[in-house]
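Subject: Structure handover

Hi there,

Here is the structure I promised to pass on to you. Please open it alongside this note, and my findings follow below.

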Amino acid sequence: MSRFFRIRAALICFLVFFFTQHFTMQRAAAQAPGGSGEKTLTLPAPENPENAINAQRHISLDVVATDSTGRPVSGLQQSDFTILDNNQPQKMTSFAAVQGATADPPVEVVLLIDLVNTGFSRVAFERQEIDKFLRQNNGQLAYPTSLVVFTDTGTEIQPQPSRDGNQMADLLESSNSSLRIIGRSTGFYGAEERLGTSFTALSRLISYEGTKPGRKMVLWISPGWPLLEGPNVQTSSKQQQAFFSWIAEYSNSLRTSRITLYAVDPLGTGENLLHEFYYQSFLKGVKNAGQANSGNLALQVLAVQSGGRALTANNDLTAQISSCVADASAFYVMSFDSAPSDRVNEYHALTVKVDKAGVKARTNAAYYGQP
């Protein structure tokens, strides 16, 4: 067996152990104090089991309708939309057209600066572009915005969202966060560290933001964490079952927390052509464990599956951020009640169709039903 495959096998074994422990104790981990500089996350008391089951079966969706140029379309009515669950039309139980500027509660934009998976040479550029975004329009942000700085020593979370972009830019400029301390580890151990800390940060952020009302748009500014996929790579059935459980967990928790994830790549055009498109081979829905791979947990894949976008290969990071935030200007909230599933984590493909020429809808790609 080649050195590459031995390393990959060891790394997947690490991930199986990590996620088994992590999702079993996710709630407790989110309540525990984090590493240096990390905000303690406090979660509400457990729900009544009957209420939790009803919440699982009540499928609420944040839907962005866009025209042929990708701009959000406002002014649509409930009769313009059809929700399909596994290609079967569903009866809507609620519908609301939302203008982002007047949404109550307001849409929150979360800018997550990933210093773990971003190369040192791009960090300065990334911060400069974020500074430009925050200071445009005289520093008046359209939506309450939070900064999250993700490092290997912890996750620093801005206590309260703000519309004061100048103040936030000053805060970012004065930040003393370590720049890529994790960079001292390379190869296998560097990948292991980055994967473990990345998934911990994502899970805790979902738990934390899930306690807040309203829609949240998380812009994860990063080329993404390492993928463990490649030609002639074999994965055991046990590993695939673990991957499938994590895919279902993230799919459901992002939706129920009303988080739309955006993967915004700070790498410039042509810096990594393979990286730009490789994630697309994992976008197809995962119906069972036999179809599950680690690539289905890529940042870009999770973003697209949540109803967000994966933006790559653009030297204008400020424009990319603004493009994502524009999705909040007009959107629709609609829901339906699903039937009990025949088994745990039963895959249901979601599609929202719009009866308007040239208009497409973007929302969660699926949910995983429970008995």
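A word on terms before we begin: helices (H or I, at least four residues) and strands (E, at least two) are DSSP runs, numbered from the N terminus. Please keep in mind that this is a predicted model, in which local features need pLDDT of at least 70 and side-chain atom pairs count only at pLDDT 80 or more, while totals for chains, interfaces and linings use all residues. Residues are numbered from 1 along each chain as its sequence is written, and side-chain values use heavy atoms, with hydrogens and water left out.

Let me start with Gln320, which is placed in helix H10 (residues 317-325). Its relative accessibility is 4%, so Gln320 counts as buried (under 20% relative accessible area; exposed is over 50% and partly exposed in between, with a 1.4 Å probe and protein chains only). Setting aside neighbours within four places in sequence, Gln320 is in contact (heavy atoms within 4.5 Å) with Val264, Asp265, Leu311, Thr312 and Asn314.

Now the chain as a whole. It holds 10 helices and 15 strands, and buried residues account for 51% of its 371 residues. Of the contacts between residues at least 6 apart in sequence, 79% join residues at least 24 apart. The chain exposes about 17,000 Å², with 51% of that supplied by carbon and sulfur atoms; accessible areas come from the Shrake-Rupley method with a 1.4 Å probe, and for residues only the protein chains shown count as cover.

On to the rings. The whole structure has 12 aromatic pairs, where rings of Phe, Tyr and Trp (its six-membered ring) pair if their centres lie within 6.5 Å; planes under 30 degrees apart count as stacked, over 60 as edge-to-face and the rest as tilted. Phe81 and Tyr332 make a tilted pair, because their ring centres are 5.0 Å apart and their planes are at 50°. This pair links Phe81 in strand E2 (residues 81-85) with Tyr332 in strand E12 (residues 330-337), 251 residues apart.

Tyr332 also forms a stacked pair with Phe95, at 6.0 Å centre to centre and 25° between the planes. Phe95 lies in strand E4 (residues 94-99) and Tyr332 in strand E12, so this pair ties together parts 237 residues apart in sequence. Phe95 is partly exposed at 24% relative accessible area, whereas Tyr332 is buried at 1%.

Elsewhere, ring pairs join Phe150, Phe199, Trp220, Trp225 and Tyr250 into a cluster.
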